Structures are given as structure tokens and as C-alpha cells.
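Try each one before reading its solution.

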Amino acid sequence: MENTQKHPKFVRWAVMLGIVIALNIFFFVARSLVLPEPMFENYCPTRTQPAATEEACAKQDGVWVGTPEDPSVTAVVKPNPAGYCDLFQKCQPLFDEAHKQYAMYSFVVMIGLGILSIIVGVLPIGSSIVSTGLSYGGVLALLVASVGYWGEAGNLLKLGMSFIALVALIYIGVKRFKD
């Protein structure tokens, strides 16, 4: 015997929103297991004692930045008017590059999971609430992925991402939802 009991709308909405949220939490956890985010400490180890001389700076793999001979500058630069050791000048670009690559791969993973979720959501699986939750969860994953990578993406990639998402959603809408 099939359960045909109708639930109140707020219960249906709660279940659907729960699916959207839980699906995206699942996506984030799965992404973090498959694709660990680069840690700054792995590229720029924390040093407890800043180097006070050029030789000590070189031993810590830093870059010595000398202070100009301008007396007004040396009066401001204390405690070492000769210069300072920049411990991040060499390692920061390596971390930045690793983080850019992570952002790109993260974007690809989240877009793939979002599209997969939308496809599964439009399949006839028997429950409109589950289908709706999966579809909205996929759309949210697309949105989060795009926002997370939007600043790194070039204009052509932004245009391509927008075009592919629009075409895919229009195609699904036309093929699946005929009026």
C-alpha cells in the first residue's frame, strides 16, 4: 500500500532545504578529502626569532631589505636602522601559486558535483521533494563554485562558465519540463 499522505508545505520546504544544505556540506567535506587546501605554514614556516643581520637572514632563507641612507627614514626604522629580514618574500609567491591551482581544481570539482546533482534531480526518482532538493543543491553548488573562483578566472573563462551553465539549465528546462 502506497503512502499518499500529504504533508504541510512548511514540512516539505524544511525537508527540501535540509537536502540542499546537507548536500552542499557533503560536497565541501568530499572536496576537502579529495583536494586538501594548501596551508600557509607548509610554504612559509613560522620562525620564532627574526634575523637581525643579513647573514642570519640568509641562513633562514629570507631576503635582506636594506634601509636607504636617508636620515629621516633611519630615524623611523627601529630597532635596526640597517634593514630588516623579509622571511616571506621567497615563500609567499609559492603559496599564492599553490592556492590559485587549488582554487581552480576546487572550482572544477564543485561544478562537476553541482551538475551531477542537477542531472540526478531531474531524473524521475519518485519524490518531488528529493528531486527539488537535489536540483537546488546543485544550483547552490554551482553558485558557490563560481563565486569562489570568479576572482581568479579570466574574462573568457567567466563568459564560458556563464554560457555553459545557462545552456545546460535551458536544455534541462526544455527537455524535462514541457508545458
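**Exercise 1: the cysteine links**

A disulfide, meaning a pair of cysteine sulfur atoms within 2.5 Å, joins C44 to C91 with an S to S distance of 1.9 Å. Before going on, note that this is a predicted model, in which local features need pLDDT of at least 70, side-chain atom pairs count only at pLDDT 80 or more, and totals for chains, interfaces and linings use all residues. Residues are numbered from 1 along each chain as its sequence is written, and side-chain values use heavy atoms, with hydrogens and water left out.

Task: find which parts of the chain C44 and C91 tie together, then find the partner of C57.

Step 1. C44 lies in the loop between helix 2 (40-43) and helix 3 (54-59), while C91 is in helix 5 (residues 91-122), so the bond ties together parts that are 47 residues apart in sequence. Helices (H or I, at least four residues) and strands (E, at least two) are DSSP runs, numbered from the N terminus.

Step 2. The link of C44 and C91 is right-handed, with 115° about the S-S bond.

Step 3. C57 is joined to C85, S to S 2.1 Å. This pair links distant parts of the chain, with C57 in helix 3 and C85 in strand 2 (residues 83-86), 28 residues apart.

Step 4. A search of the whole structure finds two disulfides, and with the bonded cysteines numbered in sequence order the pairing is 1-4, 2-3.

**Exercise 2: buried or exposed?**

Task: decide whether C57 is buried or exposed, and do likewise for C85.

Step 1. Buried means under 20% relative accessible area, exposed over 50%, and partly exposed in between (1.4 Å probe, protein chains only).

Step 2. C57 has 0% relative accessibility, so it counts as buried. C85 counts as buried too, because its value is 15%.
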